[in-house]
Amino acid sequence: MTALSANVQRLQKLHDHQIIALGVNAGSVIYEGALVCREAATALAIPGADTASIVFMGVAVDGYDNTSGADGTVAEGLTGAARYCRVDTQGIYLFATSES
């Protein structure tokens with residue numbers, strides 16, 4: 001699967017969304033419809049990848065471009081939150097895959 005370079009509307013099976021907010025890692029871009037992981041050490045959102053020491057979290061409901069910002073923050077109730085994206089942690093989404 002190739003990395004996204006723009007927002008994507010994903011087909012999904014009807015489900016009750018479980019939305020969480022994650023602060024976005026400095027220098028990262030999370031696109032809408034992208035797989036989202038978090039760094040185990042910092043708990044900040046990064047684009048999905050098959051890499052050690054990251055944890056899969058879900059699919060981005062909305063994205064955030066943090067290429068020139070500091071690490072994101074999330075406060076309870078999102079009051080005072082900055083540089084974050086919302087992620088659906090449950091559901092069935094359609095993604096294209098490849099054999100490589």
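**Figure 1. Ala3 sits in the segment before strand β1 (19-23).** The model is predicted: local features need pLDDT of at least 70, side-chain atom pairs count only at pLDDT 80 or more, and totals for chains, interfaces and linings use all residues. Residues are numbered from 1 along each chain as its sequence is written, and side-chain values use heavy atoms, with hydrogens and water left out. Strands (E, at least two residues) and helices (H or I, at least four) are DSSP runs, numbered from the N terminus. Ala3 is exposed, at 74% relative accessibility. Exposed means over 50% relative accessible area, buried under 20%, and partly exposed in between (1.4 Å probe, protein chains only). Ala3 pairs in space with Gly48: the two C-alpha atoms are 8.7 Å apart, while 45 residues separate them in sequence.

**Figure 2. The whole chain is built from 7 strands and 0 helices.** Along the sequence the pattern reads β-β-β-β-β-β-β. Of the 100 residues in the protein, 25% are buried. The protein exposes about 6300 Å², and carbon and sulfur atoms supply 52% of that area. Accessible areas come from the Shrake-Rupley method with a 1.4 Å probe; for residues, only the protein chains shown count as cover. Contact means heavy atoms within 4.5 Å. Among contacts between residues at least 6 apart in sequence, 61% join residues at least 24 apart.

**Figure 3. The largest nonpolar core has 9 residues.** Its members are Leu22, Val24, Ile30, Val36, Ala45, Met57, Ala60, Cys85 and Val87. Strands β5 (54-62) and β7 (84-88) each give two or more residues to this core. A nonpolar core is a set of buried Ala, Val, Leu, Ile, Met, Phe, Trp, Tyr and Cys residues joined through side-chain atoms within 4.5 Å. In soluble globular proteins, nonpolar side chains tend to be buried together. Leu22 touches Val36, Ala43, Ala45, Met57, Val74, Arg83, Tyr84, Cys85 and Val87, leaving aside residues up to four places away in sequence.

**Figure 4. Arg86 and Asp62 form a salt bridge.** Their side chains meet at 2.9 Å, N to O. The pair links distant parts of the chain: Arg86 lies in strand β7 and Asp62 in strand β5, 24 residues apart. A salt bridge is a side-chain nitrogen of Lys or Arg within 4 Å of a carboxyl oxygen of Asp or Glu. A search of the whole structure finds 1 salt bridge. Arg86 is partly exposed, at 30% relative accessibility. Asp62 is also partly exposed, with a relative accessible area of 26%.

**Figure 5. Asp88, in strand β7, is buried without a salt bridge.** The nearest side chain of opposite charge belongs to Arg86, 9.6 Å away. For charge, Lys and Arg count as positive and Asp and Glu as negative; His and the chain ends are not counted. The Asp88 side chain reaches the backbone nitrogen of Gln18 at 3.1 Å. Beyond its neighbours within four places in sequence, Asp88 contacts His15, His17, Gln18, Ile19, Met57, Gly58, Val59, Val61 and Tyr93.

**Figure 6. Ala43 and Ser53 are loop residues with positive phi.** Ala43 lies between β3 (35-39) and β4 (45-47). Its phi is about 65°, although Ala43 is not a glycine. Ala43 is partly exposed, at 39% relative accessibility. Ser53 lies in the loop between β4 and β5. The phi of Ser53 is near 65°. Ser53 is exposed, with a relative accessible area of 58%. Most residues other than glycine have a negative phi.

**Figure 7. Asn66 is a buried residue in the loop between β6 (64-65) and β7.** Its relative accessible area is 2%. Asn66 touches Val24, Asn25, Ala26, Gly27, Ser28, Asp71, Gly72 and Arg83, not counting residues up to four places away in sequence. Tyr84 belongs to strand β7 and is partly exposed, at 26% relative accessibility.

How values were computed:
A polar contact is a pair of N or O atoms within 3.5 Å; within protein, one must be able to donate a hydrogen and the other to accept it, and residues adjacent in sequence count only if both atoms are side-chain atoms.
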